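User: I am learning how the words used for a protein model follow from its values. Could you take me through some of them step by step?

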4 protein chains.
Amino acid sequence: MPTTTELTHHTYGKTAVRLLRLDRSRAAHEIFEVWVETRLEGDFAEAYDGDNSRVLATDTQRNTVYALARTRPFANAEELGLLLARHFVETQPQVERATISITERPWARLGEAPDAFVGAGEQRRTARVVVDSGGELVWSGVRDLLIMKTGRSGFSGFPRDPFTTLPEVDDRILATRLDVEWQLASSTVDFGHVRAAVEPALLAAFVDHNSLSVQHTLKAMGEAALAASPELDEIHLVMPNKHYLLANLTPFGLDNPNVVFIPTDEPAGRIEGRLKKL
Amino acid sequence: MPTTTELTHHTYGKTAVRLLRLDRSRAAHEIFEVWVETRLEGDFAEAYDGDNSRVLATDTQRNTVYALARTRPFANAEELGLLLARHFVETQPQVERATISITERPWARLGEAPDAFVGAGEQRRTARVVVDSGGELVWSGVRDLLIMKTGRSGFSGFPRDPFTTLPEVDDRILATRLDVEWQLASSTVDFGHVRAAVEPALLAAFVDHNSLSVQHTLKAMGEAALAASPELDEIHLVMPNKHYLLANLTPFGLDNPNVVFIPTDEPAGRIEGRLKKL
Amino acid sequence: MPTTTELTHHTYGKTAVRLLRLDRSRAAHEIFEVWVETRLEGDFAEAYDGDNSRVLATDTQRNTVYALARTRPFANAEELGLLLARHFVETQPQVERATISITERPWARLGEAPDAFVGAGEQRRTARVVVDSGGELVWSGVRDLLIMKTGRSGFSGFPRDPFTTLPEVDDRILATRLDVEWQLASSTVDFGHVRAAVEPALLAAFVDHNSLSVQHTLKAMGEAALAASPELDEIHLVMPNKHYLLANLTPFGLDNPNVVFIPTDEPAGRIEGRLKKL
Amino acid sequence: MPTTTELTHHTYGKTAVRLLRLDRSRAAHEIFEVWVETRLEGDFAEAYDGDNSRVLATDTQRNTVYALARTRPFANAEELGLLLARHFVETQPQVERATISITERPWARLGEAPDAFVGAGEQRRTARVVVDSGGELVWSGVRDLLIMKTGRSGFSGFPRDPFTTLPEVDDRILATRLDVEWQLASSTVDFGHVRAAVEPALLAAFVDHNSLSVQHTLKAMGEAALAASPELDEIHLVMPNKHYLLANLTPFGLDNPNVVFIPTDEPAGRIEGRLKKL
């Protein structure tokens, strides 16, 4: 007896479409470098049976990124995402939802020159736009932002089961590679303006906080971000606990009053939380 | 006026807990090497206000992986995942759901020796287990499995909009780095037995298929997998289209009848589908 | 007073030129996938003062890879390397030395089909060819070959200074990610034939050896390789010691008779040796 | 007839020893985070025959990094490298040469707080120290420094062979991920002082230069660095040409006056040069 199956979900698109836009319209050049991912959902089930008549090729999706980047103005990744998502939904009737995810590499001006730049860090700006018949959703974010506290951080008062060996400490290094995304109240806000409020608020909260745990600091950061802009309803933070282990120097007859640490990548804690305005 | 916020979702755990179990109980040694990720959900909201009294430390979660791997028998990653997830839910009343994700590096025996091994490929076996009051869910999978067809693959009949330049082809290279996960009918099946049926079925379908698109092949593979085992209800496939571009040699006065290709990593198509038995 | 400087060394070329050659001349297709790096040395000093009249563009070097792969027969990476290196030295008088480094991804046939393939491991074949007025040198190799011994491996008898805490063990896991290169006696040997002798000899020596240290095993492997082929004069092995640490389970009241290990990537030992036939 | 072989070169050590030193002796904390690699050469040939009596364990080498970081003052990676290299040569008679390679992750102060930091870029500082009976050599450097010029850069006048298709351009994007190392005149100079002169000189030369090729700019940068400090005799620069390809928009009826570019990682040019003071 043959198995009867149903295709219950499907989506497709292009990943890692790389783009640099150079703007030389003013004395000082401006550059914008991103990785774009397109993802379409809709009336594509027949493609899975070999009928390509509705399949907008992923190569075409890639071309669209370059063509729109040439012809349409946009101020940031969120606006580019909206342009692209709207384009696919509006021009292709079979597309019911378009999701555009963009990752931006930060560049800073190098010296006084109008035309020289230097990579401005490991962190990336992110934008994620979803357009469908229900409307437009926009998320902004940052990922891979390395931050560290060397004071005012502890972890104690946790339960001890038979497998618990971790000592209680009131003074430890707290380091994370922050991933954070916030949802905008609408798709018509000034995304750059919101970002300019949210990013410093997140960092200031991290700096100012007397941390009793990563969870504790995560919430303080999320609350600060939500308070920093009325255009923000919700925020999602992922904070790996990048452990810096105190080196055990007693075999060498040495003490180690929080001087020598062993940074580690594996394993890592992973703390995650989502906060919403009431 | 202060902003009132709510913590609407939270989870935490340990990532990249690395484990090798060596079994020397028989003449030929057996090894099992994995990366384990634990993730707990439950009554942890107070931790975000600085009360750690219910926070089972992620360090303890790591220790638990090693202790259970020593004391409890298990035949594969799925069974280890179940042991761990049940342990956290059963021993910690505040844990409402435990999710264990495991990635296994394949090793093969090297020669005839009982104690020598060689890495058996870039692909990884995966297992994902969720245990909560609603029951137990188990997913098995494979990721990063490189497969290629050099014949019986084309892509044509797709729509042409103003940004479409892709030529129609009835003979192209099709290559993907397959990620696939299948959900087991229950948590008491023989996971290895199912895997031994599903993996060859996926590959045989890929080999046998006359591909009109990645979507087309994806569905054939999913159907074959579902038909290969009664213990399988659902399967999810992600198939990036790793483009091998035909090199344009006409500037050098040369033809190129599908001989010389340029492999590329960026950009890539990304085709995704989920199939269920009816 | 201005500083007077001299350009004492210079070289340039193209890295990561990706190529797949598909051969459908017989019933069963054959594929060959590589990353090619070209490097030229010679009369290029004027380029560093802005005179490009002798600079064969790196884009041209890339094109040459594709054109020669189309027009010239070759059986393996070593032969492709020789074709390319000779081409640059012979056609460009300013090129005094050409070095071609090639990395090959292994593919295996998937099932019985003539046109389906599966990635055959994380290891890569390597070839390095140097052509200049002094002649032609060819190195063959393998890199990133994961191998492990779970028996017949120890490390003891080493000196103990004030910073030595490592216990002596006569039974430990030995794992490495082997990088090895061997120099061929001439550029006219059958490189595939030599490889077919050397690779199994290396692995057999690893398997058979009662290892007192990584150094000890490295030498046994190198000697076996040199003995396996008269076409081989010299071999260079790099063997990182990928530590699998015995997990300390005593805090949980558990013993651990070489059952549960913690694989680690950082730090790693690194043992290196070069052997020559006398 | 058995093959007679000789071990012609051997070296060993520990890679990726990770260290963070925290200095809280003043109001504002200071952090220093590095990856250390040790490499020893000397009278170790017997180890390759199974005699470990002279093999200072790589685990001991790792421990030494932590112990010396606790007990000995050092101002930068170069000084740490010298401490370690001298230690191995002076305390282990069988060590004839010690090479210490250090990579430093840059951190910047985050806000006004004395105890908060943020990752300061993708680039890394490097130091390499060699100590043997011939004396002490110190190299300082930077790697993975992303820099870009969007003006005053071209490439033309190069020869055209049958495989040359690259157009001549007088206005292109020039981007590189700079790797540079400079040799210090002695091991007693103030390494931080030299670095503070060399790094800005390299960048200023990159900014100021009217680039006719990567080679051209490389030499200008090297000369500027050599001129910036009397403590510098030699400098070695590696400058991959990270191509930003002008997108071809003519199929869409669009021009592209250096507005939309496609960043690429593969392939890349690779230009290298070494300059010495006369």
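**From values to words**

Analyst: We can begin with one residue, Gln215(A), which touches Ile271(A) of chain A as well as Tyr12(B), Ala47(B), Tyr48(B) and Val55(B), when residues up to four places away in sequence are left aside. Please keep in mind that this is a predicted model.

User: What makes Gln215(A) count as buried or exposed?

Analyst: The relative accessible area of Gln215(A) is 4%, and the word buried is used for values under 20%, so Gln215(A) is called buried. This residue is found in helix α4 (residues 214-228) of chain A.

User: Why is Asn63(D) called buried, and what does Asn63(D) touch?

Analyst: Asn63(D) has 5% relative accessibility, and because buried means under 20%, the word applies. The residue has its place in helix α1 (residues 58-71) of chain D, and it touches Phe252(A), Phe163(C) and Thr165(C), again not counting residues up to four places away in sequence.

User: Why is the pair of Lys219(B) and Asp49(A) called a salt bridge?

Analyst: In general, side chains of opposite charge can pair when their charged atoms come close. For Lys219(B) and Asp49(A) the distance from N to O is 2.7 Å, and since the rule asks for a side-chain nitrogen of Lys or Arg within 4 Å of a carboxyl oxygen of Asp or Glu, the pair meets in a salt bridge. The pair crosses between chains, from helix α4 (residues 214-228) of chain B, where Lys219(B) sits, to the loop between β2 (30-42) and α1 (58-71) of chain A, which holds Asp49(A). Lys219(B) has a relative accessible area of 14% and is therefore buried.

User: How do you know that Asp43(D) and Arg54(D) form a salt bridge, and what does the pair tie together?

Analyst: Their side chains meet at 2.4 Å, N to O, and the cut-off is within 4 Å. Both residues lie in the loop between β3 (30-42) and α1 of chain D, so the pair ties together parts that are 11 residues apart in sequence. Asp43(D), at 33%, is partly exposed, and Arg54(D), at 32%, is partly exposed as well, because this term covers what lies between under 20% and over 50%.

User: Why are Asp23(A) and Arg26(A) given separate words for their accessibility?

Analyst: Asp23(A) has 21% relative accessibility and counts as partly exposed, whereas Arg26(A) has 52% and counts as exposed, because exposed means over 50%. The side chains of these two residues meet in a salt bridge (3.3 Å, N to O).

User: How do you know that chain C and chain A are related as by a two-fold rotation axis?

Analyst: Chain C can be laid on chain A by a turn of 180° and a shift of 0.0 Å along the axis, with an RMSD of 0.0 Å. The two copies are thus related as by a two-fold rotation axis. Moreover, 100% of the interface residues of chain C are also interface residues in chain A, so the copies meet through the same surface.

Technical notes: Residues are numbered from 1 along each chain as its sequence is written. Chains are lettered from A and ligands numbered from 1 in the order in which they are written. This is a predicted model: local features need pLDDT of at least 70, side-chain atom pairs count only at pLDDT 80 or more; totals for chains, interfaces and linings use all residues. Side-chain values use heavy atoms; hydrogens and water are left out. Helices (H or I, at least four residues) and strands (E, at least two) are DSSP runs, numbered from the N terminus. Buried means under 20% relative accessible area, exposed over 50%, partly exposed in between (1.4 Å probe, protein chains only). Contact means heavy atoms within 4.5 Å. Copies are superposed by least squares on the C-alpha atoms of residues with pLDDT of at least 70 in both.
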